[in-house]
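Have the structure open and follow along.

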Amino acid sequence: MRWSRAFIPTLRDDPADAEAVNHRLLVRGGFIRRLMAGSWSLLPLGMKVTKRIEQIIREEIDAIGGQEMLLPVVHPGEIWKKTGRWDDVEGILVKFTDRRDTDLLLAMTHEEIFSSIATELTSYRQLPQLWYHLQTKFRDEQRSKGGLLRVREFTMKDSYTFDIDEAGLAVQFDRHYDAYKKIFSRLGMKAIPVHASSGWMGGSESVEFMVESEAGEDDIAYCPSCEYAANTETATSRLTPIQDEPWDGDVERFATPGIKTIAALAEAFDFAAADRQIKSLLYMVGDEPVLLLLRGDHELMEQKLVDALETFEVRPAHEEEIVAALGAHAGSLGAVGLGGVRIIADPALRDRSNMTTGANEDDWHLRGVDLGRDIVVDTWLDMRLVAAGEACPECGEPLQVKRTIEVGHIFKLGTKFSEALGISVADEKGDERVVWMGSYGIGVGRNMAAIVESSFDESGIVWPISVAPYEAAITVVKMGDDATVTAADSLYEDLQSEGVDVIIDDRDERPGVKFADVELIGIPYRITVGPRGLADGTVEVMRRADGSVESIQVAEAASSVAAMIRRDRGE
RNA sequence: CGGGCUGUGGCGCAGUUUGGCAGCGCACCUGCUUUGGGAGCAGGGGGUCGCCGGUUCAAAUCCGGCCAGCCCGACCA
């Protein structure tokens, strides 16, 4: 490609509305442009990177037996009603009707449609199957953000597996696990697999692949000494047991005027350290108020509650709901002597005594509370957010908490969809058996963003060679100089013959402009051709990753740069 | 969806307080000089000031409504 003919609209200044690194650099580098919130056009450079990412994904999924297909983006509502998701997935699912008033929706994922094709599977002999496509998803997110990290319209590689039994699903799941590790490694990222919540996908088990980044939206708990890693949505930890001081009296009510927080209570009374308080949170599960109890110094992880209760209708109660259910305002709530409200308690409270909690009367608290004696817990449920420094549940070493980007997610769906949609095959005995499904997703654009977030410097993006828009760029220092132009052109042709994807910067610009642009867009090798080097028969090769510079004889330039690139490609 | 901020040539911004010719830098076009880290000189083109309505002799500026974008909190590839 000749740069003078290419559409690479680089910007000198950062776009004013860009905060995230990937947003800033991808827009400045002329890879993408925003159409509306969470909706981006891919410009030529963005398209080149996208295609390379997609190709890597294809190769690895094909390698585990994947068969590529392409399913539509507009789906009939009917199928989604069968699986229940037409109603279950509120908000992000875009629904509309056609001229005949038929319910339609924009694909946010493709389980239903792949499943509808899978109804044509009739015999166990046809299993296992692994189908996938790279297709647009639309999710009307409440809030898109972070450049390409969280958008409404995006391309996803989603694959789906169909097996005769759970053991077969486990095999497909493990194959995807390995393929995903290879994919992210080829994309130049260090992805950590973690246990995760399945969210609205349902199913029994899921693993997310996480790349450490400040721009991320998920926290993972990670053990440096063993391999334990989990999204904090599901992570657990071992707690040091607390030995409560004995208290032989009854529950004692005491005045706490104006005290509305755990911290304030701990500050005011020396017997009420945060870990000796009971945190009481009123939640609404559907229409039912539920009182949640946690240790005072612990935080609630709402997702754990959602997963355990198997409903998405979980939210903090409004003030008037709190008063109606408990007779007091937040800040003085408690579970002692409470009737008629379901009580769910975190196991960290089990067997505790001599605790302090709200009295369900504004400005009053209770001390000397014994969990076993004074509170009737309906359900014990781990719903605590793990904090850094707590002991790893596997090995006991302190956990770290890291902020990460979710670059892939694999699910064991089990038989949820196949039952709903009637996907069954005849087994060896001729009996109908419901098939076991898995689904596995990688967001292409989010991966592009994650690569940028984990590989950039003050000059711009530093692409790994596997996805770079070009492998090498020739910077022609002085377009007015015939010898320079001739040498650069011939190098350009030689590199192409060597199979290198190369762009020649033949614009009539000053060298500084060209250097800045090629570094901004992150091309791994820059070959500078100019009168100064040609005077002693050399060109200069700079490696983007480390800035190292090497002078090479003109005659050998093409072959030695091609050799470097082949080595970087891993050939 | 709640809170905060912002909408002025392609990009970055000033002007809005106190209504009175729509400006600056970069980019763009022409010419000349220049060419190893974002060139210089000269000339030139481009904007319904987010949209709708109101006030006024006069609105980018004041008032009302709406729309869009970004950031912070509840959701996910």
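Leaving aside its neighbours within four places in sequence, which residues is D374 in contact with? They are V251, V336, G337, G368 and V369, where contact means heavy atoms within 4.5 Å.

A quick word on ground rules: this is a predicted model, where local features need pLDDT of at least 70, side-chain atom pairs count only at pLDDT 80 or more, and totals for chains, interfaces and linings use all residues. Residues are numbered from 1 along each chain as its sequence is written, chains are lettered from A and ligands numbered from 1 in the order in which they are written, and side-chain values use heavy atoms, with hydrogens and water left out.

**More on D374**

D374 sits in helix 10 (residues 371–374); helices (H or I, at least four residues) and strands (E, at least two) are DSSP runs numbered from the N terminus. With 15% relative accessibility, D374 counts as buried. Buried means under 20% relative accessible area, exposed over 50% and partly exposed in between (1.4 Å probe, protein chains only). The D374 side chain also makes a polar contact with the side chain of R373 at 2.9 Å, and one of its polar atoms lies 2.7 Å from the backbone nitrogen of D370. A polar contact is a pair of N or O atoms within 3.5 Å; within protein, one must be able to donate a hydrogen and the other to accept it, and residues adjacent in sequence count only if both atoms are side-chain atoms.

**The whole chain**

Chain A has 16 helices and 31 strands, and its C-alpha trace spans about 95 × 65 × 50 Å along the principal axes. Of its 571 residues, 51% count as buried. Among contacts with a separation of 6 or more, 68% are between residues 24 or more positions apart.

**Where the RNA sits**

There are 52 residues around RNA strand B, and R12, R143, R150, P511 and R532 come nearest. Here, near means that a heavy atom of the residue lies within 4 Å of the strand. Of the RNA atoms that come within 4 Å of the protein, sugar and phosphate account for 53%.

| Residue | RNA strand B atom | Distance |
|---|---|---|
| R28 | base oxygen | 3.1 Å |
| R34 | sugar or linking oxygen | 3.4 Å |
| H409 | phosphate oxygen | 3.0 Å |

Elements that give two or more residues to this surface include strand 1 (32–36), strand 8 (153–163), strand 21 (400–414) and helix 15 (531–534). The largest share, 7 residues, comes from helix 14.

**Helix 1**

R28 is one of the buried residues of helix 1, along with V21, N22, H23, L25, L26 and V27. Because 7 of the 8 residues of helix 1 (residues 21–28) are buried, the helix is largely enclosed by the rest of the structure. Those buried residues pack against several elements, among them strand 1, helix 12 (444–454) and helix 14. Just after helix 1, G30 takes a positive phi of about 75°.

**A loop to finish**

Where is the place of A348? Look in the loop between strand 17 (342–345) and strand 18 (355–358). A348 is buried, with a relative accessible area of 16%. Not counting residues up to four places away in sequence, A348 touches L239, R295 and H298. A348 and L294 are 54 residues apart in sequence, with their C-alpha atoms 7.3 Å apart in space.
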